[in-house]
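Please look over the structure below before reading on. The briefing after it is grouped by topic.

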Number of protein chains: 4
Amino acid sequence: MKIIKSKFDSFRHQTNIIIYGTNTASGRLFDLILLGVIVPSVFIVILETVKGFIEKYHHELIVLEWIITIFFTLENLLRILSINKPLKYIFSFYGIIDLMAILPMYLSFILTGASVLTIIRAIKFLRLFKILKHPKFSSQSIRLKEALITSKGKILIFIYFMVISSIIIGSVMYVVKEEEIGFTSIPTSIYWTIVTLTTVGYGNISPITPLGQFIASIAMIMGYNVIAVPTGIVTAQFTNNFHRKTVSDRINPCPNCGTEGYNNAKYCYHGTVLK
Amino acid sequence: MKIIKSKFDSFRHQTNIIIYGTNTASGRLFDLILLGVIVPSVFIVILETVKGFIEKYHHELIVLEWIITIFFTLENLLRILSINKPLKYIFSFYGIIDLMAILPMYLSFILTGASVLTIIRAIKFLRLFKILKHPKFSSQSIRLKEALITSKGKILIFIYFMVISSIIIGSVMYVVKEEEIGFTSIPTSIYWTIVTLTTVGYGNISPITPLGQFIASIAMIMGYNVIAVPTGIVTAQFTNNFHRKTVSDRINPCPNCGTEGYNNAKYCYHGTVLK
Amino acid sequence: MKIIKSKFDSFRHQTNIIIYGTNTASGRLFDLILLGVIVPSVFIVILETVKGFIEKYHHELIVLEWIITIFFTLENLLRILSINKPLKYIFSFYGIIDLMAILPMYLSFILTGASVLTIIRAIKFLRLFKILKHPKFSSQSIRLKEALITSKGKILIFIYFMVISSIIIGSVMYVVKEEEIGFTSIPTSIYWTIVTLTTVGYGNISPITPLGQFIASIAMIMGYNVIAVPTGIVTAQFTNNFHRKTVSDRINPCPNCGTEGYNNAKYCYHGTVLK
Amino acid sequence: MKIIKSKFDSFRHQTNIIIYGTNTASGRLFDLILLGVIVPSVFIVILETVKGFIEKYHHELIVLEWIITIFFTLENLLRILSINKPLKYIFSFYGIIDLMAILPMYLSFILTGASVLTIIRAIKFLRLFKILKHPKFSSQSIRLKEALITSKGKILIFIYFMVISSIIIGSVMYVVKEEEIGFTSIPTSIYWTIVTLTTVGYGNISPITPLGQFIASIAMIMGYNVIAVPTGIVTAQFTNNFHRKTVSDRINPCPNCGTEGYNNAKYCYHGTVLK
């Protein structure tokens with residue numbers, strides 16, 4: 001019994017190193033295989049909706065789907081088995097995604113009805129987030145996330161401001177519509193304003209009277225210029241994070257007198273070479 | 001008489017704390033209730049314009065509108081009663097918005113005629129600005145406003161430059177139009193140029209001759225590149241405000257010798273630990 | 001004769017102060033009148049192209065045009081008379097614009113033919129640039145111009161890169177077109193690529209085959225991301241100019257020991273208060 | 001034999017100076033001639049696809065094409081002959097472009113079939129990259145390239161994030177489509193999402209149901225705001241590179257005491273004038 005437990009512990013340890021670690025050759029190989037399965041698995045779900053494709057390769061797609069699902073199920077089981085706190089993993093962001101990635105196929109036994117299945121199948125795209133766990137990207141994506149989280153408050157205010165502006169400009173357009181085509185209700189007018197403010201400009205709804213075109217012009221110039229605001233917020237945050245990192249890297253105490261905090265200095269004020 | 005006055009003063013004081021303050025539990029509750037009324041009140045006005053909706057729920061909407069209007073009227077009265085300088089509040093930005101938010105319903109008794117009422121009803125959307133008074137957003141929105149106000153001058157110059165460019169490119173397009181469709185007058189051509197320069201691109205008017213497409217290409221590349229200007233202005237302002245705040249936070253005088261202004265220094269030049 | 005010369009000199013001097021200066025009340029008044037003439041003069045030219053407008057107000061417009069032209073002619077004459085180096089002014093940027101602003105009306109005597117006249121009339125829009133000479137805007141517009149001139153080199157490289165990309169992507173689209181509609185020649189394909197890369201997106205030409213949509217997607221994501229490049233260039237320049245100004249404002253020598261260049265310091269290292 | 005070798009060596013050396021160097025008058029002339037040939041050569045390939053043009057000038061175009069090809073062939077031969085390590089040049093980026101620029105015409109003898117030839121002909125556009133070798137642009141384009149390479153990692157993460165978002169939003173749109181027109185398959189929905197997220201907005205596919213327009217609005221606001229991310233990354237990089245250059249330029253050691261790293265200081269702490 002003890003031997004089995006000891007063997008299982010050894011197996012758990014090694015599996016942990018392969019699945020979660022990235023320093024060993026087998027760990028890197030595992031990450032590569034995972035990548036090599038996620039990408040085609042997403043492509044299959046996408047291609048299933050292309051007309052003529054599913055009729056032609058129906059059988060092959062089902063088989064492929066099951067191979068992928070079993071692979072992810074095994075990966076999921078190994079992850080849960082080899083980690084110290086399985087529950088913490090299961091309810092983590094990536095734990096939930098891992099579960100979502102395999103659930104749809106098993107649910108397809110119970111549930112029937114095409115539209116429900118399509119919705120569930122689309123959840124599998126969340127697998128793509130797993131790639132961001134890859135060591136090559138994780139450090140960069142963490143820094144991106146940091147900068148975005150710090151500037152979240154200001155960006156939310158800005159989005160709220162955009163929503164108010166869209167509602168006000170949209171209802172103004174609805175009020176002055178008279179001869180305009182397409183501005184049938186305030187929600188539609190708000191939709192048009194968002195299309196205009198964000199400079200998307202589909203063009204299926206667009207003003208045709210001089211007054212409507214004048215209001216649209218103001219909305220466009222406004223939308224064109226206020227893009228500076230989210231950009232300014234995020235950039236200031238990036239520049240600052242960048243700077244902070246650069247500065248903190250440089251604040252090495254002088255080995256001679258312990259003085260710290262020189263700005264790019266190469267010599268301590270007492271003459272000792274700093275770097 | 002004195003007791004009444006004293007009681008009224010006490011009531012005024014407590015109302016003031018609830019309505020304007022955010023440190024007490026009742027103050028926060030009041031802010032929450034306000035939010036919970038503003039958002040649905042705006043939704044109602046929006047939905048009233050959707051065909052089929054007003055016919056179905058006409059009676060319910062009228063009742064809801066009146067409940068909301070009475071709630072805002074009460075809020076408005078309490079705000080005026082509980083503040084020290086009522087006139088200053090009434091003529092402030094939010095005071096005017098508060099009045100505008102309740103006026104339309106009372107005006108609907110006097111004025112008749114659908115189009116006038118629609119215009120007035122749309123004013124109620126200004127209520128949404130009241131949410132920005134919420135303590136959670138106010139500090140962030142003040143900083144955003146500061147940065148925008150500081151860079152206002154440069155942005156106005158830039159918008160003016162865009163307007164000149166639109167007029168010139170627009171009239172050039174009108175002059176070379178010949179076989180083009182849609183460029184019927186200079187105002188329309190200017191409208192098209194704004195649509196193009198701001199990268200909105202509706203597509204209902206677009207050049208079809210080689211010369212027209214060439215001029216349009218120049219306008220597009222210009223519009224694509226000059227977006228850098230407002231962004232650069234606002235970003236420089238944000239970065240600077242950010243930096244100023246960071247620096248001023250750090251300029252603590254050395255407790256030993258009073259020297260100030262060390263850049264990220266941890267030690268005074270005389271060896272005293274700064275932080 | 002001497003008296004006349006002396007009187008003329010005095011007149012010249014006073015005119016110079018009024019026209020070029022902005023410190024006197026009459027100087028400011030002159031700038032205001034100029035503004036008040038430029039804006040309507042441009043509006044007239046624009047409105048002349050609106051159908052039904054010129055038929056209705058033909059006579060009034062001609063009279064107004066002549067009043068404006070005579071006003072500008074007088075202004076131009078006074079500018080030339082009152083300046084020390086008239087030739088330098090005449091061949092300066094604003095000198096040429098001033099001439100262009102009055103020439104079209106006088107040329108209309110000699111030249112006949114509607115299309116030629118329309119072209120010449122559009123030149124009058126250049127008058128709008130005169131507003132930028134207004135003291136309120138000049139300092140801001142100079143700083144904008146400075147930042148743009150400094151980053152001109154990099155932006156030109158970037159535009160050139162965009163043109164190459166447009167040519168290459170455009171010709172790729174032409175090559176793979178087969179079933180696509182609208183990609184009839186490489187110039188048209190290049191035009192479409194510019195429309196796509198600059199995120200304008202008119203939509204009158206757009207790919208319909210999977211391969212075309214795939215190439216278009218790459219062009220769009222590329223266009224969406226590379227906008228960062230001109231923005232980054234101009235922003236870095238703005239931030240730098242901003243910083244330089246801020247720093248140079250602060251580098252005041254210590255009045256006691258002459259030491260300079262403290263970064264935001266309030267005290268000289270020898271204890272003297274710096275500001 | 002020796003004389004010939006010596007003469008050839010001298011010829012090689014002089015050719016090298018003319019072709020690769022830019023300090024001599026003939027070197028600058030060579031660069032200018034090259035420019036003067038590349039630009040028209042590209043125009044010819046573009047114009048060949050315009051209907052009616054090739055029928056009219058067929059003979060002239062063929063002759064011109066051959067003149068240009070022979071010129072580039074000669075240039076290529078001289079480059080290979082005059083360089084010390086010919087193989088290193090041939091397999092370099094510009095070496096391959098140089099070969100690609102001449103190959104199509106020679107291949108046209110062997111290969112027949114219009115579509116194959118068009119593809120090959122388009123490769124000639126790569127010649128335009130040769131202009132970036134011009135000394136006037138090289139320093140600027142190197143700095144641009146540096147900043148882009150440094151921020152490559154973060155931008156790739158961002159593009160990947162955009163692709164995931166497009167797939168998820170696209171499949172959500174496909175799932176809710178019901179009454180929508182154009183969202184026939186997930187690939188098409190993803191294409192629409194990319195068109196929307198990048199604010200291009202062609203408008204040939206666009207949502208018409210309230211739910212579809214709501215999802216589209218979220219995608220648009222998201223796309224409008226997240227443009228801040230690539231811009232922020234590149235700008236932070238530019239600002240930093242700019243700053244680094246500025247700082248490193250200023251870190252001149254004090255000629256008196258050897259102290260370095262003063263931030264914009266004009267005087268050494270010991271009183272010596274720094275610049």
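Predicted model: local features only at pLDDT ≥ 70, side-chain atom pairs only at ≥ 80, totals over all residues.

Residues are numbered from 1 along each chain as its sequence is written, chains are lettered from A and ligands numbered from 1 in the order in which they are written, and side-chain values use heavy atoms, with hydrogens and water left out.

**Chain A overall**

- Chain A has eleven helices and zero strands. Helices (H or I, at least four residues) and strands (E, at least two) are DSSP runs, numbered from the N terminus.
- Of its 275 residues, 47% count as buried. Buried means under 20% relative accessible area, exposed over 50%, and partly exposed in between (1.4 Å probe, protein chains only).
- The accessible surface of chain A is about 14000 Å², and 70% of that belongs to carbon and sulfur atoms. Areas come from the Shrake-Rupley method with a 1.4 Å probe; for residues, only the protein chains shown count as cover.
- Among contacts in chain A with a separation of 6 or more, 56% join residues 24 or more positions apart. Contact means heavy atoms within 4.5 Å.

**Helices α2 and α3 of chain A**

- The axes of α2(A) (residues 25-47) and α3(A) come within 10 Å and cross at roughly 145°. Axes are lines fitted to C-alpha atoms, for helices over the stretch in contact, and angles run from 0 to 180 degrees between N-to-C directions.
- Residues of α2(A) that meet α3(A) include A:F30, A:L34 and A:V37. On the α3(A) side, A:F71, A:F72, A:E75 and A:R79 are among them.

**A nonpolar surface patch**

- A:I70, A:L74, A:L77, A:Y106, A:F109 and A:I110 form a nonpolar patch with about 650 Å² of accessible area together. Helices α3 (53-82) and α5 (93-110) of chain A each give two or more residues to it.
- Patches are made of residues with over 30% relative accessible area and no salt bridge; like charges are joined within 9 Å, nonpolar side chains (Val, Leu, Ile, Met, Phe, Trp, Tyr) within 5 Å.
- A:L77 lies in α3 of chain A. A:L77 is partly exposed, at 48% relative accessible area.

- The structure holds eight salt bridges over all chains. A salt bridge is a side-chain nitrogen of Lys or Arg within 4 Å of a carboxyl oxygen of Asp or Glu.
- D:R79 pairs with D:E75, with the closest N and O atoms 2.7 Å apart. Both lie in α3 (residues 53-82) of chain D, four residues apart.
- D:R79 is buried at 4%, and D:E75 is buried at 3%.
- D:L34, in α2 (residues 25-47) of chain D, is buried at 6%. Beyond four places in sequence, D:L34 contacts D:F71, D:F72, D:E75 and D:R79.
- D:D9 and D:K5 form a salt bridge at 3.6 Å, N to O. D:D9 is partly exposed at 36%, while D:K5 is exposed at 52%.

- Most residues other than glycine have a negative phi.
- C:T199 has a positive phi of about 60°. C:T199 sits in the loop between α10 (186-197) and α11 (210-226) of chain C, and is buried at 5% relative accessibility.
- Phi of D:T199 is also positive, near 60°. D:T199 is in the loop between α9 (186-197) and α10 (210-226) of chain D.
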